[in-house]
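Student: I have a structure open and want to go through its contacts. Can you take me through them?

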There are 2 protein chains.
Amino acid sequence: MTSTPIADLWPAQSGGADARPEAAYRLLRAAVESFAERGFHATTTRDIATGAGMSPAALYIHYPSKAALLAEISRAGHAATLELVRAAAAGEGDPVARMRHLVEEFTAWHARARTVARVVNYELHALPQDDYAVVAALRLDIEREVAALIEAGLAAGAFAVAEVRTAARAVTSLGIDVSRWYTDRSSETPEELGRRYGELVLRMLGAAL
Amino acid sequence: MTSTPIADLWPAQSGGADARPEAAYRLLRAAVESFAERGFHATTTRDIATGAGMSPAALYIHYPSKAALLAEISRAGHAATLELVRAAAAGEGDPVARMRHLVEEFTAWHARARTVARVVNYELHALPQDDYAVVAALRLDIEREVAALIEAGLAAGAFAVAEVRTAARAVTSLGIDVSRWYTDRSSETPEELGRRYGELVLRMLGAAL
């Protein structure tokens with residue numbers, strides 16, 4: 001699973017004032033792998049501790065439960081995606097250029113970080129209620145960024161869609177599903193796939209290419 | 001879970017020479033619900049038997065393992081989808097009309113049968129190797145039907161796409177992901193969503209609308 005850039009989600013582990021202990025980082029990584037492989041419900045705290053080379057007791061020093069680990073993974077994964085979407089939406093160029101960039105980045109991220117993305121998108125129902133609320137708000141923000149960029153393209157006469165909300169949903173959905181089917185054996189690199197999806201999505205939104 | 005038309009997948013249970021015993025049908029239904037809720041790995045044969053109102057021993061009369069149940073669910077789900085795709089691809093009209101119909105049907109099916117579709121698409125890795133091979137062949141057939149219809153549209157000058165395989169993947173991916181996010185609270189009916197997705201996909205493929 002070297003292909004998952006999980007370190008990107010928790011960049012503070014290597015130092016700094018709010019650096020996470022190395023042990024917590026290992027637990028997060030082991031939890032992602034276990035949840036992705038077996039699903040949240042079939043994973044035990046012992047599985048995660050073992051994956052991180054620790055005792056179950058050592059795990060509890062850092063996280064009170066496997067649900068707390070899932071919550072942190074889910075929050076970090078969604079926060080990273082939102083940041084990526086925001087940066088692209090607020091970037092340079094007209095709405096067409098920005099949407100192209102957004103889809104390229106969003107798609108490539110879901111191909112590269114597919115193990116994290118699967119956990120983040122397919123284990124939502126297992127989140128405790130308060131954590132779910134936090135993540136649901138992040139998801140709504142992602143959809144809103146995409147919808148706002150479609151609106152901007154419509155206002156500029158560059159896009160033509162009947163239903164902004166459905167179109168925004170289709171854009172994010174196409175990217176998220178990449179994490180389900182993309183593998184090391186896929187014929188396209190994450191970046192190639194991103195470029196092709198950028199092209200397809202712009203057409204879908206009615207841009208003249 | 002009244003919204004899952006699971007009975008459609010096993011229509012023979014009500015009679016006929018090759019009718020499935022009612023008990024087997026109840027087991028399949030209970031297995032779908034358990035797998036969708038907890039995941040394959042966290043589901044026990046006891047969970048499934050209990051869901052079907054039976055003893056674990058009674059389950060083994062019909063299925064040797066929970067993997068055998070998953071295999072049958074997965075095969076039936078994929079066979080149903082392939083049938084739907086084939087019927088639409090071989091239907092009346094030009095490639096644009098047939099692709100519209102295909103996407104409408106494929107999307108609406110994944111919204112309506114989302115519980116089955118989730119199990120079928122997200123538990124593939126849990127299938128025994130021989131069963132996986134059967135299902136992988138069905139999946140390939142689905143992609144080929146979609147790709148062939150895109151080729152037909154290209155040949156007729158009705159579509160314009162750079163990469164047929166990537167475009168075909170995007171078409172099926174968009175439909176499959178509906179099963180992840182669609183809920184009873186979604187603002188569009190499965191049929192409305194199908195019509196909107198039909199429109200979006202035709203644009204994506206470069207059809208002049």
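Tutor: Let's start with polar contacts. This is a predicted model, and four residue pairs are in polar contact across the interface of domain 1 of chain A and domain 2 of chain A, both residues of each pair being at pLDDT 80 or more.

Student: How many salt bridges between domain 1 of chain A and domain 2 of chain A?

Tutor: Zero salt bridges are counted between domain 1 of chain A and domain 2 of chain A.

Student: Which elements of domain 1 of chain A touch domain 2 of chain A?

Tutor: Two helices of chain A, α1 (22–38) and α2 (45–51), each supply at least two residues of that side of domain 1. The largest share is from α1(A), with seven residues.

Student: And what classes are the residues on that side of domain 1 of chain A?

Tutor: There are 12 nonpolar, four polar and two charged residues on the side of domain 1 of chain A that touches domain 2 of chain A.

Student: Back up a bit. Where are the domain bounds in chain A?

Tutor: The domain assignment puts domain 1 of chain A at 6–62 and domain 2 at 66–204. In the contact, 18 residues come from domain 1 of chain A and 16 residues from domain 2 of chain A.

Student: What area is buried between domain 1 of chain A and domain 2 of chain A?

Tutor: About 1500 Å², with carbon and sulfur atoms giving 77% of that area. On the domain 1 side of chain A, 42% of the area buried against domain 2 is supplied by A:Leu9, A:Phe35 and A:Phe40, more than by any other three residues.

Student: New topic: chain A and chain B. How many residues are in contact?

Tutor: 30 residues of chain A are in contact with 30 residues of chain B. The buried area between chain A and chain B is about 2700 Å², and carbon and sulfur atoms give 59% of it.

Student: How many salt bridges across the interface of chain A and chain B?

Tutor: The interface of chain A and chain B has two salt bridges. One of them joins B:Arg196 and A:Glu163, whose closest N and O atoms are 3.7 Å apart. There are also six residue pairs in polar contact between chain A and chain B, both residues at pLDDT 80 or more.

Student: Which elements give two or more residues to the chain A side touching chain B?

Tutor: They are α1, α6 (114–122), α8 (164–181) and α9 (190–204) of chain A. The largest share comes from α8(A), at 11 residues.

Student: And the classes on the side of chain A that touches chain B, what are they?

Tutor: That side of chain A has 12 nonpolar, seven polar and 11 charged residues.

Conventions: Residues are numbered from 1 along each chain as its sequence is written. Chains are lettered from A and ligands numbered from 1 in the order in which they are written. This is a predicted model: local features need pLDDT of at least 70, side-chain atom pairs count only at pLDDT 80 or more; totals for chains, interfaces and linings use all residues. Side-chain values use heavy atoms; hydrogens and water are left out. Domain bounds come from an automatic or database domain assignment. Contact means heavy atoms within 4.5 Å. Buried area is the accessible area (1.4 Å probe) that two parts lose on being put together, summed over both. A salt bridge is a side-chain nitrogen of Lys or Arg within 4 Å of a carboxyl oxygen of Asp or Glu. A polar contact is a pair of N or O atoms within 3.5 Å; within protein, one must be able to donate a hydrogen and the other to accept it, and residues adjacent in sequence count only if both atoms are side-chain atoms. Helices (H or I, at least four residues) and strands (E, at least two) are DSSP runs, numbered from the N terminus. Ala, Val, Leu, Ile, Met, Phe, Trp, Tyr, Cys and Pro count as nonpolar, Asp, Glu, Lys and Arg as charged, and the others, Gly among them, as polar.
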